[in-house]
Amino acid sequence: MVTVRGTGLRGGTWRRGNAIAITAASMSVLLGFSALAVDVGMLYNVRTELQRTADAAALAAAYGLLDEHRLKGSPNYSAELSAARAAAQSIAVLNPVRNAGPQVLADDVRIGYLNNSRGLSEPIDFNNPAQYNTAEVIVRRDNAANGPVQLLFARIFGRNTANVTATAAASLKDGVVGYKVTSKTGNAELMPLALHVNAWNNLLSRARTAGDGYAYNPDTGTVSSGSDGIFELNLYPGSGGTQLPPGNLGTVNIGTSNNSTSHLSSQIRYGVTAQDLAFHGGELKLGPNGTLILTGDPGLSAAIKDDLEAIKGKPRSIPLFRQVSGPGNNAQFTIVGFAGVRILDVRLTGKMDAKRVIVQPAFVVDDAVITEAGSGPSFFVYAPIRLVR
């Protein structure tokens with residue numbers, strides 16, 4: 001007879017004890033990785049929220065660059081920077097990170113220049129205030145601002161906090177060389193009224209202008225008599241004291257060569273359509289030599305007075321021409337750029353010296369513009385501000 005001893009039981013006990021030890025060790029590792037995963041996930045969420053806030057702040061700061069001092073011909077770069085910083089901060093606090101609106105340091109809002117906003121490798125130039133078109137914003141969670149992020153489980157590894165930052169940049173895209181209307185852009189905010197480029201340059205230099213007899217209120221969108229520091233020009237040829245030669249302003253044909261009053265009225269009120277631009281091959285654009293020929297009429301019909309009145313105070317673009325040749329309806333305008341203006345007053349009846357279409361420079365932001373790298377030949381006309389970094 002064979003006696004069976006309890007060695008099997010002792011071996012089973014040993015194996016169970018070994019498994020418990022291994023399981024305990026594994027659980028420690030698993031708990032460590034789980035803790036790490038929780039903190040990493042939290043930091044990822046914080047980084048996402050910071051980036052969202054930086055994006056919004058950069059867009060707001062770039063809009064701050066549309067400072068009225070540019071329109072007055074006396075850019076105040078300190079004011080632009082202050083406006084950009086204020087705009088960035090006001091938007092940042094509305095985009096909470098970890099349930100708290102972050103503060104943006106003044107030095108973390110910088111404005112500079114990008115020649116080609118599509119070029120990700122091009123560094124932002126912060127040294128030429130005259131060309132500022134880009135705002136860069138950093139939003140932090142570190143010891144410098146808003147405090148570092150408090151970790152939860154990583155403390156067991158001796159790590160209590162983590163620093164997280166996000167950076168974004170947004171640009172005003174100038175260099176406008178033309179217009180193209182698509183289903184995504186809406187009509188181009190371009191009026192079929194052309195102004196001599198010399199008259200425009202005189203306006204910007206505050207020479208031979210109609211003075212400053214009107215004030216635009218951006219809060220109410222209304223125009224009144226008075227002064228707002230932005231000089232004005234009378235578009236009507238030969239009147240209002242402009243002392244400019246005939247042909248200073250005319251209606252140009254954007255689209256059909258039959259520039260009827262109803263067609264002009266529609267374009268003034270509602271903008272240039274894709275159907276209009278189909279007559280120009282789908283887009284209206286300066287050529288390689290920087291010019292574009294448009295036919296038109298060197299006069300200005302009183303029949304469009306009501307249409308001009310209807311958009312008074314609203315920003316619109318107009319073509320700038322260098323010369324006009326040919327008489328009457330055979331006139332050809334050599335277009336060399338575009339300018340943003342706002343109509344302040346209209347009178348197209350009565351004596352010649354009493355007729356007027358008073359405008360002042362204005363910012364125009366238009367989805368339908370075509371832009372190229374560089375400052376381009378246009379003034380105060382921009383593509384919508386977009387994130388570029």
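**Close-up views of a predicted model**

View 1. A nonpolar core is a set of buried Ala, Val, Leu, Ile, Met, Phe, Trp, Tyr and Cys residues joined through side-chain atoms within 4.5 Å; buried means under 20% relative accessible area, with a 1.4 Å probe and protein chains only. Helices (H or I, at least four residues) and strands (E, at least two) are DSSP runs, numbered from the N terminus.

The model is predicted, so that local features need pLDDT of at least 70 and side-chain atom pairs count only at pLDDT 80 or more, while totals for chains, interfaces and linings use all residues. Residues are numbered from 1 along each chain as its sequence is written, and side-chain values use heavy atoms, with hydrogens and water left out.

View 2. A339 is buried, with a relative accessible area of 0%. Leaving aside neighbours within four places in sequence, A339 is in contact (heavy atoms within 4.5 Å) with W200, R316, S317, I318, L320, F379 and V381. A339 and F379 are 40 residues apart in sequence, and their C-alpha atoms are 4.7 Å apart in space.

**View 3. N95 in the loop between α3 (77-92) and β1 (109-112).** N95 is buried, with a relative accessible area of 17%. The side chain of N95 reaches the backbone oxygen of I91 at 2.8 Å. Not counting residues up to four places away in sequence, N95 touches R52, T53, A56 and P102.

View 4. After α5 comes G271, with a positive phi near 95°.

**View 5. The second largest cavity.** This cavity has a volume of about 50 Å³, and its lining consists of L71, K72, G73, L203, L204, R206, F231 and P361. By class, five lining residues are nonpolar, one is polar and two are charged. A cavity is a set of points on a 1 Å grid over the protein atoms alone where a 1.4 Å probe fits but cannot get out, and lining residues have an atom within 4 Å of a point. Grid points are joined across faces, edges and corners, and the volume is the space filled by probe spheres set on them. Ala, Val, Leu, Ile, Met, Phe, Trp, Tyr, Cys and Pro count as nonpolar, Asp, Glu, Lys and Arg as charged, and the others, Gly among them, as polar.

Technical notes:
1 Å grid on protein atoms, 1.4 Å probe; cavity = no way out; pocket = protein on both sides within 12 Å on 5 of 7 lines; lining within 4 Å. Buried < 20%, exposed > 50% of the residue type's maximum accessible area, 1.4 Å probe, protein only. Polar contact = N/O pair within 3.5 Å; in protein donor to acceptor, adjacent residues only side chain to side chain.
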